[in-house]
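Here are a few notes to go with your first look at this structure. Have it open while you read, and take the points in order.

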Amino acid sequence: MGGIRTAGDLVARMQMAKGMKIKEAKEYVAGKLGISTFELCDEAVMQEIRESLDIGHVQARDGASIGIQAKFNIAKLLGIDIRSVENFKRLTGLK
Amino acid sequence: MSEFYTRYGDGSPTRVSADEMRRDLEVGTNDAADRGKIPALSQSELDHLFDICTRPDKTVSVERGNEVVVTFDAGTLKLPIRAGVPMDRSSAILTHERAFCSDTMELAHVDYSYKQLKAIIHEETAAMEHVQLNTIIPIFYGAMPNLGLYTKPDGPIENWSELLPLAKISEAKAAQEEAMEHAIKDMVYVASRMYEAGADGINFDTVGASGDADVLASLKAVEILKNKYPDIAIEFGMSGEFILGMHGDLFFDGKRLAGLYPHQQVKVAEKAGATIFGAVINTNSSRTFAWNLARTVTFVKACTEAASIPVHVNVGMGVGAIPNSNTPAVDAVSRADKALVEIGKADGL
Amino acid sequence: MSIEDIFLEARETILQCDQERAVRLAERALAEGYDPVEVISSGFSYGIRQMGELFGRGEVFLPQLIMSSEVMKAAVQILDAAIIQGETTQYKGTIVIATVEGDVHDIGKGIVVSLLKTQGIQVYDMGRDVSTVKIIEKALEVKADIIGTSALLTTTLMSQKKLEDELRKNGLRDQFKTMVGGAPATQRWADRIGADAYAEDAAEAVTKALLLLNRT
Ligand code: B12
């Protein structure tokens, strides 16, 4: 689907977290992003969204979330627990 | 008569006429229908396949809106090991995330079997923890159940591959049952540790490579893991289009495992608690790409229709209609991908 | 009993793994004066090839295949004894078979070996990951008629070509027939490297081996 260039990682997360089939997973993510499922794979649309939600993008810019930081935001956005994020919270006393 | 450039299942190029192509598509779908006892493709689906196979474009793609996600097996074995690029595994994963833009990726060790990983589990969990700090995309940890490794000379159990030819059938069956106990323990142990270290998913890759006992052990491991960690994501990737009956009398959920085809395999995987099912259909090197593609799509369609969980079709060398060659041609690969998604209704690859 | 009935029942005993009935049938066929070669080839062998095909479709499983080959062996032993009057160890030919170097896939080769053995062929199974040199040495040692190689990886397939090249280089090519198999091998591949036969599955491997030995 295009990974972090588009919404590929997010749709994959929903398949993994909830066992959703592709259609349902795309609808879920599109709903959270407020766009159509068609736009999930559009680089231009997604670049803007990813940057504004700060959920990580291919460009390594200063000040933008990467790695675990981006995943914090993804977990909140999608309403799922991400194991590594939970581990981070536990190890840093955030939880 | 117009001639179309296509290939055989071993990748070698050839030209066929429209009639030959149509005939191969039909024979291919009928072969799957006959073996799997499933419906053959309809005429309009065959026409769609014909169109995909005969387009003049070198590569083809799914229509906009039909994109699907991809998962990998043997993820970090690809760049550093098979391609010989001197990079470590976390660089390989970041290359996939930031340059290839993969939807997911898999951390894997060269010694790709659950049994072998026990001894190096701390190094592997550390690698997973490190990788998770730097990555955004979901990262699986994967390995093979590889039941054969528990037999002599690699393990403690009598080797059923040696017992069977000697017609020591009950001994061979007992050996397989014994190996299962060890394999289940190792799979549960390694998967638990990797999940706790932050893996987004666990991949059971090449399930059934040692036959039906290999499948049963994997199903039981999934069941245990799912009870232990209700949120764990498990991909259950098969090794072949039907489960090889090395034992023959093993059952899960009342179903005999030996001889199950993808649309039946997915139901047992689902029952055990798998999150994603990895369907495999073998490529026949001697037949044409059209024959292999029609056959594969027929099996996949039956499988996705039966499934309540997402199905990711295995499209590696020699499976999923991909030619069995070291450098599968992109014309064939892109056509297989399109057909599997648009007609087979795959949820991922 | 008509010869057709004998054929049918012979196939059935194999498909049902019924050794007692198979042995009785073999004895009866001999007593009624039928040609043992025909009883084997159109009866029992036909049955075992059917079993091989069913196995290839996931409809019968390895233990049954092995059991049916045991049944086959028992019946053939009786018929063979009549063919060569008492000399039960006369083989139709000798084959050396191995999975090529660098390749550990031996499940398919094992099935080929089991079926070949049911056909009165002497089989030297060298196992897996075997170098070309060792294969040739063994073939010379046992004066093999056929050398069979199995390769399951596209990377190890080249060893089948290497075998042909080595045989030719050493002036040994005419001493043996060669047969190739394994998922990436094809008839086109066999033609290209100059192998004498290719078989897609174990049932066909038997047919091709017998053809190479002129014993169909
Ligand atoms: C089982 C298996 C394994 C087992 C092998 C166990 C064993 N003791 O054999 C294990 C887990 C060890 C394994 C390891 C690997 N495997 Co593997 N494995 C398979 C698998 C799932 C099934 C093969 C099989 O047994 N088929 C069933 C038998 C009955 O069929 P068959 O072998 O084709 O045999 C029939 C015919 O070919 C013919 N025949 C066979 N031999 C002969 C010989 C003669 C003379 C004749 C005439 C006929 C003949 O008759 C047989 C009976 O009908 C295939 C995928 C698949 N579904 O095919 C992958 C597959 C072959 N493996 C593959 C790979 C990549 C590997 C590994 C490199 C993976 C890794 N990273 O570790 C290693 C390589 C190890 C090595 N150096 O060899 C790839 C090969 C791709 C390629 N480009 O070549 C495949 C296709 C899977 C895939 N698409 O990724 N594997």
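**Notes on the contact between the chains**

1. Let's start with one residue, bearing in mind that this is a predicted model. Ser84(A) touches Ile68(A), Lys71(A), Gln132(B) and Gly198(B), leaving aside residues up to four places away in sequence. You'll find Ser84(A) in helix α5 of chain A, which covers residues 83-91.

2. Is Ser84(A) buried or exposed? Its relative accessibility is 5%, and buried means under 20%, so Ser84(A) counts as buried. Its side chain also makes a polar contact with the side chain of Lys71(A), at 3.4 Å.

3. Now zoom out to the whole contact. Chain B brings 38 residues and chain A brings 37 residues. About 2800 Å² is buried between chain B and chain A, with 58% of that coming from carbon and sulfur atoms. On the chain B side, the residues that lose the most area to chain A are Glu67(B), Arg98(B) and Ile136(B), which together make up 23% of what that side buries.

4. How many salt bridges are there between chain B and chain A? The count is 1: the side chains of Asp200(B) and Arg13(A) meet at 3.0 Å, N to O. Polar contacts link 22 residue pairs between the chains, counting pairs with both residues at pLDDT 80 or more.

5. As for helices, α4 (89-100), α6 (121-134) and α8 (169-196) of chain B each supply at least two residues to the side that touches chain A. The most come from α6(B), with 3 residues. By type, that side of chain B divides into 17 nonpolar, 13 polar and 8 charged residues.

Notes
Residues are numbered from 1 along each chain as its sequence is written. Chains are lettered from A and ligands numbered from 1 in the order in which they are written. This is a predicted model: local features need pLDDT of at least 70, side-chain atom pairs count only at pLDDT 80 or more; totals for chains, interfaces and linings use all residues. Side-chain values use heavy atoms; hydrogens and water are left out. Contact means heavy atoms within 4.5 Å. Buried area is the accessible area (1.4 Å probe) that two parts lose on being put together, summed over both. A salt bridge is a side-chain nitrogen of Lys or Arg within 4 Å of a carboxyl oxygen of Asp or Glu. A polar contact is a pair of N or O atoms within 3.5 Å; within protein, one must be able to donate a hydrogen and the other to accept it, and residues adjacent in sequence count only if both atoms are side-chain atoms. Helices (H or I, at least four residues) and strands (E, at least two) are DSSP runs, numbered from the N terminus. Ala, Val, Leu, Ile, Met, Phe, Trp, Tyr, Cys and Pro count as nonpolar, Asp, Glu, Lys and Arg as charged, and the others, Gly among them, as polar. Buried means under 20% relative accessible area, exposed over 50%, partly exposed in between (1.4 Å probe, protein chains only).
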